[in-house]
Amino acid sequence: MAINSVWVFAQVTNGAATTGTLELLTKARSLSSNVTAVLGGDASGVAAQLGDYGATKVYATGDLAGKLPGVAVSGAMKAIIDGGDKPDLILFPQNYEGRDVLSRLSVKLNKSVLTNSIDVAVDGDAVNATTPIFGGNTLVTTTFTGEGPYLVAFRPKSFAAEASGGAPAAIAAASVPDLGATGGAKVTAVHVEESTGPKLDEANIVVSGGRGLGEADKYEMVEELAKLLKGAPGASRAIVDAGWVPYSYQVGQTGKVVKPSVYIAAGISGATQHMVGMKGAKNIIAINKDKEAPIFGIADLGIVGDVHKVLPKLIEALKGR
Amino acid sequence: MNVIVCVKQIPDPALPGALDGATNTLKRDGKLILDDSDAYGVEMALQLVDAAGGGEVSIISMAPNGETAGMRTALAMGAAKGILVSDPALQGSDALTTAKVLAAAAQRLGGADLIIAATESSDGYTGTVPEQMAEVLGLPSVTFAKKVKIDGGVLKADRQTEEGYDEVECALPALISVTAGVVEPRYPSFKGIMAAKSKPVEEVTASDLGVTPAGWAGAGQKVTLVAQAEARQAGEIVEDDGESFGKIVAFLENLKVI
């Protein structure tokens, strides 16, 4: 069985397809010429963009009217499959909505899932997904057994998004079936946390702070340095859990995966959970007072020292330029 | 108000992880502890039951070798009872089978007003089990909840999103997954630890719960290759002598980012 049809769970923010969606479409079209996007929302504004990255068709549910995408989009997908349009492989982004849709659909189809993957390859009849474990130092290849659709979620930036110049995707309506009790959750308000400067997962330079800063107020140094470098501030899970900064700042396995040109880790020891999210950076600078800290094992430049002494001097030096 | 919390007992995350050479699954045959991520769910459950003025917190877990050490930590925090699913036939189970097993364990307890899980475990982190459980049980769910309260029989939660957060209202019974840091987990008191030793934990097998097929046969996937990733090499490490900021400036200049 070759792969004839691939679906991508597509997402839209501010009227455009997300970078993650375009990454998955780029990969999907390398596996099959029959690529379909499935969107929980209205596709009229993004059909051209989805087509440009490889989708020939987009199923769109229209406005979800407060329903959570997990139940609604998985329900729509199941209805399409029951109707006879069955993909061999469905690609999901490893994010909040992607995980929810994937999980609900896996039960509806009674199919296994693979998550946190960074690559997928088709080898004859086998679909093989690659997943890093133990902080990324070991790569595991897993193959699906039994029949598809095979369900896989990919970490952000697993693939480079490249336009193909394809024609706009044809829009097909997908209806959300009666969700019964599972539809009992409704979004009543949406809050967007405003941040200035580049987005954490798109910034060319990221400056992150950790427990070594000592107290919440000291995070200001990280923000100031990030601003001077026109980068984005990030954080380890430790200080997010401690409530110093919002969850949206978190870099790591359970936060954002970043691949900037330069990553500066200030007062971060380098727990596995953090390193998973930043070891793809081109250049890593680490400042930590413990010379045994694991972060130094992957740093291109490591300063064994107190962040409270090094950062103010660095900030002064950059201000004077 | 009755709450069920799903807890995972995992190898100590401070120790290096290892794969079983024969099966390519995570080794979990040593001492297991309560996953830190689950302490938040246990704490939240205790607070919600307390706020409701009655009811109890139960815990469910799936682990090899009849392991209950991690469950005892949750019982010591204040949970009343638990079900442990332990069965050699469950070795190699994928997330979907795990969700079916835990859903059946929840039903064995007679269900609950609310089921709480962490967003993902710290060892395997597939991250799909809570939402899969909700689907198996036919329940609504709010995943990635970072603030939760029950108000007039309705669950109100702030749900983490890519851009910020959504306020979500949800009918009960329901399932939620909670992010780390959502509450401050209490430390078990000495009295709690002593009391936990005698709290009931029923040990059952997959077939007791009517879940088949499980384990390798039910997994729908198998590991075919394990390889070392290209290691990142350490670069220049210097002790701060008061002037090392200059090294950073030079490094950034060299990259032409300043």
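1. Seven-stranded sheet of chain A. In this predicted model, 7 strands of chain A make an open sheet, ordered β7-β11-β6-β1-β4-β5-β12, with parallel pairing; strands here are DSSP runs of E with at least two residues, helices are runs of H or I with at least four residues, and both are numbered from the N terminus. Two strands are taken as paired if DSSP finds at least two bridges between them. The edges are formed by β7 (113-117) and β12 (170-173) of chain A, each of which pairs on one side only. On average, neighbouring strands of the sheet are turned by 25° against each other, direction ignored, where axes are lines fitted to C-alpha atoms and angles between N-to-C directions run from 0 to 180 degrees.

2. Domains of chain A. Chain A is divided into domain 1 (6-183) and domain 2 (205-319), with bounds that come from an automatic or database domain assignment. The centres of the two domains, taken over C-alpha atoms, are separated by 33 Å. The contact between them involves 5 residues of domain 1 and 7 residues of domain 2, two residues being in contact if their C-beta atoms, placed from the backbone, lie within 7 Å. On the domain 1 side, these residues divide into 1 nonpolar, 2 polar and 2 charged; Ala, Val, Leu, Ile, Met, Phe, Trp, Tyr, Cys and Pro count as nonpolar, Asp, Glu, Lys and Arg as charged, and the others, Gly among them, as polar.

3. The contact of the two chains. Chain A gives 77 residues to the contact and chain B gives 67. On the side of chain B that touches chain A, the elements giving two or more residues include α3 (95-108), α4 (129-137), β7 (141-151) and α8 (245-254) of chain B. By class, that side of chain B has 32 nonpolar, 19 polar and 16 charged residues.

4. Strand β18 (residues 301-304) of chain A pairs with β13(B) in the parallel sense, over 4 bridges. In this pair, V238(B) of β13(B) is the bridge partner of I303(A).

5. Helix α4 of chain B. Of the 9 residues of α4(B), 8 are buried, a residue being buried if 20 or more other C-beta atoms lie within 10 Å of its own, exposed if 12 or fewer, and partly exposed in between, with C-beta atoms placed from the backbone. Among the buried residues are E131(B), M133(B) and L137(B). The elements covering them include α3 (69-82) and α4 (96-109) of chain A, together with α3, β6 (114-118), β7 and β10 (174-178) of chain B. The helix is followed by G138(B), whose phi is positive, near 70°.

6. Chain B overall. Chain B has 8 helices and 13 strands, and its C-alpha trace spans about 65 × 50 × 40 Å along its principal axes. Of its 258 residues, 48% are buried.

7. Confidence and conventions. The mean pLDDT of chain B is 91, with 98% of its residues at 70 or more; pLDDT is the predictor's confidence in each residue, from 0 to 100. The model scores ipTM 0.90 and pTM 0.88. Local features need pLDDT of at least 70 and side-chain atom pairs count only at pLDDT 80 or more, whereas totals for chains, interfaces and linings use all residues. Residues are numbered from 1 along each chain as its sequence is written, and chains are lettered from A and ligands numbered from 1 in the order in which they are written.
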